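I opened the notebook to look up how this structure is put together. These are my entries, in the order I made them.

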Amino acid sequence: MLQCIFILSDSGEVMLEKQLIGHKVDRSICAWFWDQVISQGDSFKQQSVIASPTHYLFQIVREGITFLACTQLEMPPLMGIEFLCRVADVLSDYLEGLNEDVIKDNFVIVYELLDEMIDNGFPLTTEPNILREMIAPPNIVSKMLSVVTGNSSNVSDTLPGATASCVPWRTTDIKYANNEVYVDLVEEMDAIINRDGVLVKCEIYGEVQVNSHITGVPELTLSFANPSIMDDVRFHPCVRFRPWESHHILSFVPPDGLFKLMSYRVKKLKSTPIYVKPQITSDAGTCRINVMVGIRNDPGKMVDSITVQFQLPSCVLSADVTANHGAVTVFTNKMCNWSIDRIPKDRAPALSGTLMLETGLERLHVFPTFRVGFRIQGVALSGLQLDKLDLRVVPSRLYKGFRALTRSGLYEVRS
């Protein structure tokens with residue numbers, strides 16, 4: 001049971017406080033928490049569960065906004081963390097992004113959403129499509145009406161249709177002229193390559209996203225050609241677990257609209273689609289840097305949106321870097337961004353330049369880590385393949401579609 005939820009800005013200011021039960025949690029817990037953040041830094045922010053002198057705290061950080069929940073009672077830690085993640089996802093969807101100004105400007109809607117999402121410390125309604133029937137998303141018209149009428153509430157006067165449905169994430173009276181369902185495989189590749197060019201870690205985090213617009217209460221089944229490659233699977237509540245456990249088939253009644261059906265990991269991959277080869281030499285107070293980028297294993301589709309970012313060490317006073325393809329920008333915080341987009345066929349992209357070190361320093365002792373970004377439309381690099389998508393209660397006509405996308409996650413090349 002959660003007792004209180006706080007939403008903090010990136011400076012530690014309490015932007016919203018939601019007390020969930022009769023026993024009030026004092027705001028001094030936030031002051032203690034932020035003191036620990038300042039003293040311990042990133043290592044403290046990476047802890048999802050924290051034991052304070054008076055409470056157990058759950059925390060997640062999204063776009064610089066900290067979601068903090070408190071409890072003094074025994075409860076599953078993952079329930080608290082997962083609920084905060086769902087709150088952050090819903091707010092990001094409602095407000096079209098997360099930042100300090102957006103939350104302050106839509107304080108009433110955020111508070112109303114928390115009222116519906118949790119009751120007496122226990123999660124209640126967390127499905128975005130049902131919440132949208134209860135609370136209207138913010139728009140210019142609703143803001144003008146609230147100013148004119150003085151009524152700032154966005155809560156609907158009628159119960160959502162899902163209250164009369166056998167499944168709480170879907171209403172019973174949905175009707176469409178054209179019945180459509182589309183499935184997207186969206187994957188992110190995490191990789192670490194050491195300074196010797198050896199692939200230390202390579203795995204993929206993937207999501208199966210479904211966009212469903214089907215009349216009535218349909219029952220869908222989705223199967224994979226090679227489900228055994230997936231690890232750490234997580235499902236939307238609509239998925240029936242027994243068919244997956246026995247036959248690795250996803251059987252579900254979908255929510256209306258776009259939702260995440262499941263997530264998974266594919267571990268211990270052996271190769272990456274592109275390579276980044278940095279070379280750094282230094283002597284007599286100057287440093288030469290050369291970085292080459294190219295295709296390592298052709299995925300069969302165009303690799304685009306390629307970027308390489310690296311933080312120059314603090315001992316570097318100035319940098320003069322150029323590239324034979326793309327645009328290079330060195331920001332005031334010494335972050336260097338090389339935007340390549342697509343690799344041309346006639347030459348391999350290369351970045352080169354000279355770094356001037358601070359006075360008295362002959363050689364560079366701290367070497368940068370290169371963060372690589374890319375995107376490949378139409379390919380799932382994990383090798384996961386969809387086999388069949390069937391609808392048990394078939395409407396008059398059904399359109400089905402499938403797409404795949406792979407992009408970089410935490411992709412690091414160390415020098």
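**Helix packing.** I started with helix α3 (residues 77-95) and helix α5 (residues 107-117), which pack with their axes 11 Å apart. The angle between them is about 140 degrees. Angles over 145 degrees would count as roughly antiparallel, so I put α3 and α5 down as oblique to each other. I also noted the handedness: α3 passes α5 in a right-handed crossing. I remind myself that this is a predicted model, and every entry here rests on it.

**Domains.** I looked up how the chain is divided. Domain 1 covers 4-149, and domain 3 covers 274-377. Domain 2 comes in two pieces, 179-269 and 381-414. Taken over C-alpha atoms, the centres of domain 1 and domain 3 are separated by 38 Å.

**Cysteines.** How many disulfides does the structure hold? I found zero. Cys 4 is in none, and the nearest cysteine sulfur to it, that of Cys 70, lies 5.4 Å away. A disulfide needs two cysteine sulfur atoms within 2.5 Å. I then checked Cys 30. The closest cysteine sulfur to its own is again in Cys 70, at 6.3 Å, which is too far for a bond.

Are these cysteines buried or exposed? The cut-off for buried is under 20% relative accessible area. Cys 4 has 0% relative accessibility, so I count Cys 4 as buried. Cys 30, at 3%, is buried as well.

I moved on to the strands. Strand β8 (residues 179-193) runs antiparallel to strand β9 (residues 199-213), and 14 bridges join them.

β9 has another partner in strand β14 (residues 257-266). They pair in the antiparallel sense over nine bridges. Here Val 208 stands opposite Met 262 in β14.

**An open sheet.** Which strands form the open sheet, and in what order? I wrote down four strands, β12-β13-β10-β23, with antiparallel pairing. β12 (239-240) and β23 (386-391) are the edge strands, since each pairs on one side only. Inside the sheet, I followed strand β10 (residues 220-224) to β23 and found five bridges between them. Thr 221 has Asp 390 of β23 as its bridge partner.

Gln 279 stands opposite Asn 290 in β16. What lies between the two strands of this hairpin? I found two residues, and Ala 284 in the turn has a positive phi of about 55 degrees.

β16 also pairs with strand β21 (residues 350-357), in the antiparallel sense and over seven bridges. Met 292 stands opposite Ala 350 in β21.

Definitions and conventions
Residues are numbered from 1 along each chain as its sequence is written. This is a predicted model: local features need pLDDT of at least 70, side-chain atom pairs count only at pLDDT 80 or more; totals for chains, interfaces and linings use all residues. Side-chain values use heavy atoms; hydrogens and water are left out. Domain bounds come from an automatic or database domain assignment. Buried means under 20% relative accessible area, exposed over 50%, partly exposed in between (1.4 Å probe, protein chains only). Two strands pair if DSSP finds at least two bridges between them. Axes are lines fitted to C-alpha atoms, for helices over the stretch in contact, and angles run from 0 to 180 degrees between N-to-C directions. Angles under 35 degrees count as roughly parallel, over 145 as roughly antiparallel, 65 to 115 as roughly perpendicular and the rest as oblique. A crossing is left-handed if the near helix is turned anticlockwise from the far one by less than a right angle, and right-handed if clockwise.
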